[in-house]
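Trainee: I would like a close look at one part of this model. Please keep to what can be read from the atoms.

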Amino acid sequence: PINTLTTSLQGVLFAASSRAQTDMKQLKKGYFAATAVIGLVSLPLAATVASVPETVVTAIYGKQWLAAIPVLAPLALAMAIHALLAVVGPVLMAQNKVGLELRAQLITLFVMLPILYFTAQQSIKSVAWGVLCIYFVRWILLVNAILPTLNANWVELLNVLRWPFICAIVTALLTFICDIALQNIPPLLR
């Protein structure tokens with residue numbers, strides 16, 4: 001579901017960014033707006049799924065999938081970061097700064113290999129948490145690449161993400177509390 005949303009937004013964002021490629025104020029506004037929208041959708045959804053992985057797995061797949069519970073939380077959170085990553089590429093491409101994205105991808109590759117090697121020696125749960133770390137590193141690198149091109153900074157971006165983070169925390173917390181309170185109800189109904 002998140003890929004469907006981000007793929008649709010990427011095309012629109014690329015077209016709009018291409019038209020405004022010399023207007024840094026418009027590019028910045030577009031990037032921040034897209035980030036806010038993606039954040040408002042993906043962060044609460046991912047945090048909610050991550051807060052009640054047993055209920056989600058059991059409700060959707062049944063008890064035969066209980067082994068998937070430990071990996072759902074980190075992978076759900078990684079998908080939220082993946083969604084936030086999806087808005088960086090179109091803006092960089094529209095500015096003809098694909099090299100910045102490529103550099104971040106190469107650094108991510110060099111970070112990813114030892115993380116996956118080490119976590120694969122531990123458990124599948126460790127690999128899932130490693131994937132989350134890799135996505136987070138990739139997001140940091142790409143945001144560090146795009147912010148200077150937009151004459152923006154981390155404080156501005158984090159301000160844009162403030163409400164999505166608050167919504168994510170509140171939604172996940174309320175879902176977790178309700179899940180505990182409704183333990184006697186079957187997972188699908190919860």
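Which side chain does the side chain of Thr-55 join in a polar contact, and at what distance?

Mentor: First, the ground rules. The model is predicted: local features need pLDDT of at least 70, side-chain atom pairs count only at pLDDT 80 or more, and totals for chains, interfaces and linings use all residues. Residues are numbered from 1 along each chain as its sequence is written, and side-chain values use heavy atoms, with hydrogens and water left out.

The side chain of Thr-55 meets that of Asp-179 in a polar contact of 2.7 Å. A polar contact is a pair of N or O atoms within 3.5 Å; within protein, one must be able to donate a hydrogen and the other to accept it, and residues adjacent in sequence count only if both atoms are side-chain atoms.

Thr-55 sits in helix 3, residues 53-61. Helices are DSSP runs (H or I, at least four residues), numbered from the N terminus. With a relative accessible area of 7%, Thr-55 is buried. Buried means under 20% relative accessible area, exposed over 50%, and partly exposed in between, using a 1.4 Å probe and protein chains only. Leaving aside neighbours within four places in sequence, Thr-55 is in contact with Asp-179, Pro-187 and Arg-190; contact here means heavy atoms within 4.5 Å.

Two of those partners also pair with each other: Arg-190 forms a salt bridge with Asp-179, and the closest N and O atoms are 2.7 Å apart. A salt bridge is a side-chain nitrogen of Lys or Arg within 4 Å of a carboxyl oxygen of Asp or Glu. This pair links distant parts of the chain, since Asp-179 is in helix 9 (162-181) and Arg-190 in the segment after helix 9, 11 residues apart. Asp-179 is buried, at 12% relative accessible area, whereas Arg-190 counts as partly exposed at 28%.

The structure holds two salt bridges. In the one between Glu-156 and Lys-28, the closest N and O atoms are 2.6 Å apart. That pair also links distant parts of the chain, with Glu-156 in helix 8 and Lys-28 in helix 2 (residues 24-51), 128 residues apart. Lys-28 is buried, with a relative accessible area of 18%, and Glu-156 is partly exposed at 25%.

To return to the part you asked about, Asp-179 has a polar contact with the side chain of Thr-55 and a salt bridge with Arg-190.

Definitions and conventions:
Helix = DSSP H or I, 4+ residues; strand = E, 2+ residues; numbered from the N terminus.
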